[in-house]
Amino acid sequence: MSWDEWDQLKASAADKGAAQMQLNEAPAQEGGGTYGDLTASQSDLAKIGNNAYKLFNRLWDEARVAGPSSSKAAEDLKAQGFELGGGLAHVAKRWDEQLRSLRDGCSHISNHMRVTKKIHKDDEHYITGQLSSIATLDSGFDERVGEPGKKNEIYGEKKEEKGKD
């Protein structure tokens with residue numbers, strides 16, 4: 001979406017009134033309910049991590065093949081006075097930098113997938129504990145005197161202060 005298109009959409013929404021403007025969201029399901037939980041099994045995470053590890057190794061073994069020969073060719077071309085040698089040296093250097101960056105990304109994915117399931121499992125236990133303690137606290141308020149929303153009669157009527165109109 002272009003900036004101009006965004007400005008047009010904002011102007012159109014403003015013309016309709018502020019109540020018409022809203023953020024995108026998932027459409028409501030029929031009959032209410034939730035959208036379900038995002039889940040990933042340990043085997044799914046293990047497959048992703050394993051494939052990232054394999055790609056990491058293949059990049060080292062297969063993508064570096066041209067690096068040394070390109071660098072040598074660049075030096076030979078420079079030595080013979082060809083300006084192409086400098087360009088080839090630049091390309092070889094950038095290739096190595098990009099390859100290193102890609103390998104770092106694969107390594108990060110592989111390592112992250114190894115620990116993600118455990119971390120989220122620990123988070124789930126923590127959140128469950130917090131919510132259950134809130135439920136315990138909330139249950140103490142169910143022992144009210146009177147109906148919910150009604151004034152508790154034990155406090156009586158508020159007396160008017162003298163000297164105020």
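The questions and answers below treat the fold, the surface and the salt bridges of this predicted model.

User: What share of the 165 residues of the protein chain counts as buried?
Analyst: The accessible surface of the protein chain comes to about 14,800 Å², and 55% of that area belongs to carbon and sulfur atoms. To count as buried, a residue must have under 20% relative accessible area. Of the 165 residues, the share that counts as buried is 10%.

User: How much accessible area do Trp 3, Trp 6 and Leu 9 have together?
Analyst: Trp 3 lies in helix α1, which covers residues 3-16, and with a relative accessible area of 63% Trp 3 is exposed. Trp 3 forms a nonpolar patch on the surface with Trp 6 and Leu 9, and their accessible area together is about 370 Å².

User: Which residue forms a salt bridge with Arg 58?
Analyst: A search of the whole structure finds 5 salt bridges, and the one made by Arg 58 has its closest N and O atoms 3.1 Å apart. The partner of Arg 58 is Glu 62.

User: Is Lys 72 buried or exposed?
Analyst: Lys 72 forms a salt bridge with Asp 76, with 3.5 Å between the closest N and O atoms, and both residues lie in helix α3 (residues 66-79), 4 residues apart. Asp 76 counts as partly exposed at 36% relative accessibility. Because the cut-off for exposed is over 50%, Lys 72, at 54% relative accessibility, counts as exposed.

User: In which helix do Arg 94 and Glu 97 lie?
Analyst: The side chains of Arg 94 and Glu 97 meet in a salt bridge, at 2.8 Å from N to O. Arg 94 counts as partly exposed at 39% relative accessibility, and Glu 97 is partly exposed with a relative accessible area of 27%. Being 3 residues apart, they are separated by about one helical turn, and the helix, residues 84-139, is α4.

Key: Residues are numbered from 1 along each chain as its sequence is written. This is a predicted model: local features need pLDDT of at least 70, side-chain atom pairs count only at pLDDT 80 or more; totals for chains, interfaces and linings use all residues. Side-chain values use heavy atoms; hydrogens and water are left out. Patches are made of residues with over 30% relative accessible area and no salt bridge: like charges are joined within 9 Å, nonpolar side chains (Val, Leu, Ile, Met, Phe, Trp, Tyr) within 5 Å. Accessible areas come from the Shrake-Rupley method with a 1.4 Å probe; for residues, only the protein chains shown count as cover. A salt bridge is a side-chain nitrogen of Lys or Arg within 4 Å of a carboxyl oxygen of Asp or Glu. Helices (H or I, at least four residues) and strands (E, at least two) are DSSP runs, numbered from the N terminus. Buried means under 20% relative accessible area, exposed over 50%, partly exposed in between (1.4 Å probe, protein chains only).
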